[in-house]
Amino acid sequence: MTNPSTAPRTHSRARRPATPVRPRTLERPAPLREAVYDAIIEMIISRELQPGEHLAESELAAQLGVSRQPVREALQRLEGDGWVDLRPALGASVHVPTDAEADELLAVRTLLEAESARLAARNATPEDVERLWELQRAGVKALQANDQEGLVSANADLHAYVVSVSGNKALGDLIAMVDRRVRWYYMPIARARGKDAWDEHAELIEAIASRGSKRAGDLMRKHTERTRDHYHARRQELAEQEA
């Protein structure tokens, strides 16, 4: 006699196959403080917030449509990155770059971008060259419209594309680290550089198109050094006006 406890059990219904679980893609937006950090930097670059200007947390929070907490967190990070100065009892203010700071950064930029232009002349395809001419035309259009922000943006776009054509990722990463500060320094002199800067860009594109790597590197070096000289001349002019 079979022991009921050990007898196999029968089921009236077949076992249903497991339904495959579909993976979900979770949206993970950047923290609010990151967005606030980026927004304040762009306000500083565009000179909406001037060097030395006092920064009130409540005013920035209202302007950006956020609470004061992410503004406070962003300002602390901005202070560490050299965009903002935080002083006890005085609060936050936009950093005023010294001549030495600007000179050091613009000197590094010259070295990096000269190499990127040299490599770009080796690697550029006809499509790359056409894209550079498109960016050149955008800059000339902004110049004709006396659009300062458009000039700064077009200048940054053209230089960034030269870097991308160079094909050197490490070089691109290094240049990206200084890009925002270069735009900040370039904003006050964009109009003063004016036609000369875009004539220099055109000459550079021609060198890249003809695969003249040494010439492209030399032209970019001279181009960025002229920007550096214009920056210091502008600072000297402002200092004399204040005196």
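Helices (H or I, at least four residues) and strands (E, at least two) are DSSP runs, numbered from the N terminus. The model described here is predicted, so local features need pLDDT of at least 70 and side-chain atom pairs count only at pLDDT 80 or more, whereas totals for chains, interfaces and linings use all residues. Residues are numbered from 1 along each chain as its sequence is written, and side-chain values use heavy atoms, with hydrogens and water left out.

Grid points are joined across faces, edges and corners, and a volume is the space filled by probe spheres set on the points.

The largest pocket holds about 400 Å³ of space. Its lining comprises 15 residues, and R47, P51, Y231, R235 and L238 are the closest to the centre. Helix α9 (residues 213-242) contributes the most to this lining, with eight residues. By class (Ala, Val, Leu, Ile, Met, Phe, Trp, Tyr, Cys and Pro nonpolar; Asp, Glu, Lys and Arg charged; the others, Gly among them, polar), the lining of the largest pocket has seven nonpolar, three polar and five charged residues.

In the second largest pocket there is about 190 Å³ of space. Here 16 residues form the lining, with E113, A156, H159, I175 and D179 nearest the centre. Helices α4 (99-123), α6 (148-166) and α7 (169-186) each supply at least two of the lining residues, and α7 gives the most, with eight. Nine nonpolar, three polar and four charged residues make up the lining of this second largest pocket.

Attention now turns to a single residue. L132 sits in helix α5 (residues 126-144) and counts as buried (under 20% relative accessible area, 1.4 Å probe, protein chains only) because its relative accessibility is 1%. Beyond its neighbours within four places in sequence, L132 is in contact (heavy atoms within 4.5 Å) with L158, Y161, V162, I205 and I208. The C-alpha atoms of L132 and H201 lie 9.2 Å from each other, although 69 residues separate the two along the chain.

The strands complete the picture. Two strands pair if DSSP finds at least two bridges between them. Strand β3 (residues 91-94) pairs in the antiparallel sense with β1 (residues 54-55) over two bridges, and A92 in β3 is the bridge partner of L55. Strand β2 (residues 84-87) also pairs with β3 in the antiparallel sense, over four bridges, with V84 bridged to V94. Three residues lie between β2 and β3 in their hairpin, where A89 in the turn has a positive phi of about 75°.

How values were computed: 1 Å grid on protein atoms, 1.4 Å probe; cavity = no way out; pocket = protein on both sides within 12 Å on 5 of 7 lines; lining within 4 Å. Buried < 20%, exposed > 50% of the residue type's maximum accessible area, 1.4 Å probe, protein only.
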